Each structure stands twice: as C-alpha cells, then as structure tokens.
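Dear colleague,

I would be glad if you read the notes with the model open beside them.

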Amino acid sequence: MAYSFEQFCKDANAALKADPGRGGKETIRRNLEALLKNDEFVRSACGPDAEYGTHQIYRDPDFDFVVLAHVNKDARKSPPHDHGSSWAIYGQATEYTEMSEYRRVDGSSGAGDAAIEHDKTYRLTPGVAGLYDVGAIHSIDYPANARFVRVTGTDLETVERLKFDMTRGKAEIIQSIGVN
Ligand SMILES: [Fe+2]
C-alpha cells in the first residue's frame, strides 16, 4: 500500500519526538521521498489540476512544523538565502530544482557585510528530497511547472531570514513572502 500523507505527518511528529536533531530531520527527508512515490498524493497535491500557488497542507500541533505544496507555474531563480532559525526539506514532485549550497566565510551571521562561497550545485529530480538544516544557505532555480513539497521547521513567515547578494557582498533581511 502506498505511504499515505496522514502517516507521513504522524511519522514526522514521532521522528522529532525521538530525535529533534539532525537524525529526526533526516528521517523526515527519507519519509518524504517515500511519500513522493504515492502517485495519488502527488497528483492531488502537485498534479496538473492542483491550483497554482503555495498551499499549507499540514501544520503540526506539537512541533509547529508545516508541510507546503508549491504548485509553481513559472520558472524562478532565487537568491542565496537561509531559513533563519528554521530548517527546510525540499522534495521534488515534478520537473526539477537546481539546488546550490553556499557557506558563509566572513565569520559573522547577521545582516550587513557578508561573504559567502559557492559549495556545490546539484539537481533534485522527482522523488528526491534534500535537507537544509538551520543556518544552511542555498538557492533554487527551477523551470516552469516544477512543483515540490516542502517541510519547514516552523512557519517561515514568522522567522527572520537572510538573503545574500554576492556581488555587493551584503546580507539583507527578507521582507517579502515567497523567497522559498
Ligand atoms: Fe529555501
């Protein structure tokens, strides 16, 4: 039987209860890959008939993590950014996402002057999920109709996050919604 969305949410809660650190999040990442094999779930959350936009499809009552379906219409490239005090797991449903990871090399952590270095770039393809832990810096680049399911440690609209401008050597607090 296909791994259900309900079971995924229950298992994610249990994983964080057992291990709120990297281990619990890695379990959620693996489970998200299992969930993405559930064609019926993928079709209903991210399929051709799903409404465009970002939809919150679960919010955990104990840990406050959220599950979002990103039903993207247009291609998009984000600047390098972090997720503040939150973590994020990206699971690809359709098309692909080019993921780039960076590290901050100026020894500080807040907004203002900031130097980051590119670490690696790779592709998330359908069924593959990547974990970006607290403090990780990444950017995403996807074509039209790339859709994904994302789990974040909390509602990102409530945390202060940074985006990076490598040319200017600056980090700025993200003001707008939608910088994934
Ligand atoms: Fe992100």
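In what follows, a residue is called buried when its relative accessible area is under 20%, exposed when it is over 50%, and partly exposed in between, as computed with a 1.4 Å probe on protein chains only. This is a predicted model, in which local features need pLDDT of at least 70 and side-chain atom pairs count only at pLDDT 80 or more, whereas totals for chains, interfaces and linings use all residues. Residues are numbered from 1 along each chain as its sequence is written, and side-chain values use heavy atoms, with hydrogens and water left out.

Salt bridges

A salt bridge is taken here as a side-chain nitrogen of Lys or Arg within 4 Å of a carboxyl oxygen of Asp or Glu, and by this rule the count comes to 16. One of them joins Lys17 to Asp62, with the closest N and O atoms 3.5 Å apart. Because Lys17 lies in helix α1 (residues 5-18) and Asp62 in the loop between β1 (53-59) and β2 (66-71), this pair ties together parts that are 45 residues apart in sequence; helices (H or I, at least four residues) and strands (E, at least two) are DSSP runs, numbered from the N terminus. Both Lys17 and Asp62 are exposed.

Asp64 and Arg59 form another salt bridge, at 2.8 Å from N to O; Asp64 is partly exposed, with a relative accessible area of 28%, and Arg59 is partly exposed at 37%. In a further salt bridge, the side chains of Arg103 and Asp119 meet at 3.2 Å, N to O. Since Arg103 belongs to strand β5 (residues 97-104) and Asp119 to strand β7 (residues 116-124), the pair ties together parts that are 16 residues apart in sequence. Arg103 is partly exposed at 41% relative accessibility, and Asp119 is partly exposed at 35%. Finally, a network of salt bridges links Glu26, Arg29, Arg30 and Glu33.

Helix α1

In α1, the buried residues are Phe5, Phe8, Cys9, Ala12, Asn13, Ala15 and Leu16. Seen down the axis of α1, they fall within an arc of 160° and so line one face of the helix, the arc being that of the directions from the helix axis to the C-beta atoms. On the other side of α1, Glu6, Lys17 and Ala18 are exposed. The buried residues of α1 pack against α2 (22-35), α3 (39-46), β1, β2 and β10 (147-152), where contact means heavy atoms within 4.5 Å.
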